[in-house]
Amino acid sequence: MARVLVLSLVFPPDGVSTAVILGELSADLKRAGHDVSVITTAPHYNRDEAAEVRQPLLSRWGGLLYRSDYHGIPVLHVAMPRKTASVVRRLLAWMQFHVLSLAAALTYVRRVDVIISPSPPLTVGVVAWLLGLRYRAPFVYNVQELYPDIAIALGALRSRILIRILYGLERFVYRRARFITVIAIRMRERVVTKGIPADKVRVVPNFADVDDLVPLPKDNDFSRRHGLDSRFVVTYAGNMGPAQDLDSVIEAASLLRGHTSVRFLLVGEGSAYQRLSDRVSSLGLTNVVMLPHQSYDLVPQIYAASDLCLVPLAKDTGSDAVPSKVYRIMACERPVLACADAHSDLADFVTDTRGGIVVPPGGTQALASAIADAVARPDVLKEMGRAGRRRVLAGYSRAAVTAQYDALVAEALQAPRSRM
């Protein structure tokens with residue numbers, strides 16, 4: 001078995017979905033017999049107080065570094081400021097993470113056979129490469145979102161010089177990784193068109209823990225606490241930023257304010273949270289409930305309280321990312337309403353599974369009409385929920401996907417190094 005180092009910007013007890021996925025993957029690799037260690041950040045994204053109590057962090061280096069234990073896995077957490085909307089501050093925070101993670105690895109990690117490193121940020125691949133040189137170990141680069149593509153599509157990145165630099169950095173990382181894993185078919189096609197050999201780009205999707213994420217009654221503690229148990233609830237839970245185009249959801253809620261049985265539930269945090277909250281107030285929308293990030297333990301209850309679950313993506317980003325929440329929603333046997341480009345990975349997945357409905361991104365009227373139509377078809381929605389869970393059980397369960405990483409670790413040790 002291999003000594004595996006996981007290098008990730010987020011990891012438990014941080015509550016963001018990518019952290020949960022990396023935590024479960026690491027635990028399963030350890031269960032498969034690998035010697036796993038982790039270098040990550042201190043919780044800074046979605047703080048989960050209950051998880052932090054279960055996984056206490058012990059200070060080192062005067063608060064620049066912390067240690068914790070995650071199911072028997074040693075975890076080093078470098079200090080990290082709370083995530084902000086400021087691009088400059090975020091870049092500085094990433095630089096801090098890279099410098100401290102290198103120092104922590106060189107100080108505490110003696111031997112490594114394989115490194116697993118997910119993006120974003122893109123620059124984490126450079127650190128994985130440097131550590132690979134130090135330990136003579138290959139690294140597997142997991143692409144959760146295609147950068148800089150998604151930033152360009154959102155209009156957040158316009159400088160031609162910076163775009164050229166980032167594309168050059170992307171090629172550098174891709175060419176030096178032993179394997180690149182992507183989470184959907186069209187993402188693989190996009191990476192291959194960048195000049196990367198097809199045999200080193202593997203599709204390994206995200207997953208849901210189908211033992212923890214199970215169907216529950218709509219009438220539960222969460223739904224009663226927030227007055228949702230007797231309503232038709234349309235839910236979005238996750239990061240609130242430009243990639244999610246939640247303004248269209250607010251506008252759809254405004255169009256549907258006359259449907260007194262419908263409630264929109266928006267749960268999470270992010271750069272757009274306050275602006276969206278202010279917009280709800282300015283429009284006087286009493287049919288929208290906004291809540292901050294909730295503990296991961298409440299996810300099954302949140303989705304159980306929901307009749308329809310939103311997975312929105314901004315226009316032209318549908319093949320740059322596939323939100324992992326789609327698997328969690330389906331695991332909880334709830335139908336998905338995806339706002340995604342036609343023929344995107346997300347749209348194809350929802351259509352193929354028959355687990356939900358797809359409408360164009362930014363189409364406020366189409367979104368409102370789909371919701372109004374869904375209210376009148378409860379039996380159809382229930383069958384969509386059942387179909388989605390069946391598909392997740394068949395191919396997107398935690399056990400099925402983490403086994404693919406177990407096999408990939410073994411293959412990474414045997415494959416010849418890239419000469420690119």
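The lining of the second largest cavity divides into six nonpolar, one polar and three charged residues. Here Ala, Val, Leu, Ile, Met, Phe, Trp, Tyr, Cys and Pro count as nonpolar, Asp, Glu, Lys and Arg as charged, and the others, Gly among them, as polar. The model is predicted: local features need pLDDT of at least 70 and side-chain atom pairs pLDDT 80 or more, while totals for chains, interfaces and linings use all residues. Residues are numbered from 1 along each chain as its sequence is written, and side-chain values use heavy atoms, without hydrogens and water.

On a 1 Å grid over the protein atoms alone, a cavity is a set of points where a 1.4 Å probe fits but cannot get out; a pocket is an open set with protein on both sides within 12 Å along at least five of seven lines, and lining residues have an atom within 4 Å of a point. Across the whole structure, two cavities of 30 Å³ or more are found.

| Space | Volume | Residues from helix 1 |
|---|---|---|
| Largest cavity | about 90 Å³ | three |
| Second largest cavity | about 50 Å³ | four |
| Second largest pocket | about 450 Å³ | four |

Volume is the space filled by probe spheres set on the grid points, which are joined across faces, edges and corners. Helices (H or I, at least four residues) and strands (E, at least two) are DSSP runs, numbered from the N terminus.

The lining of the largest cavity has no charged residues, whereas that of the second largest pocket has 10.
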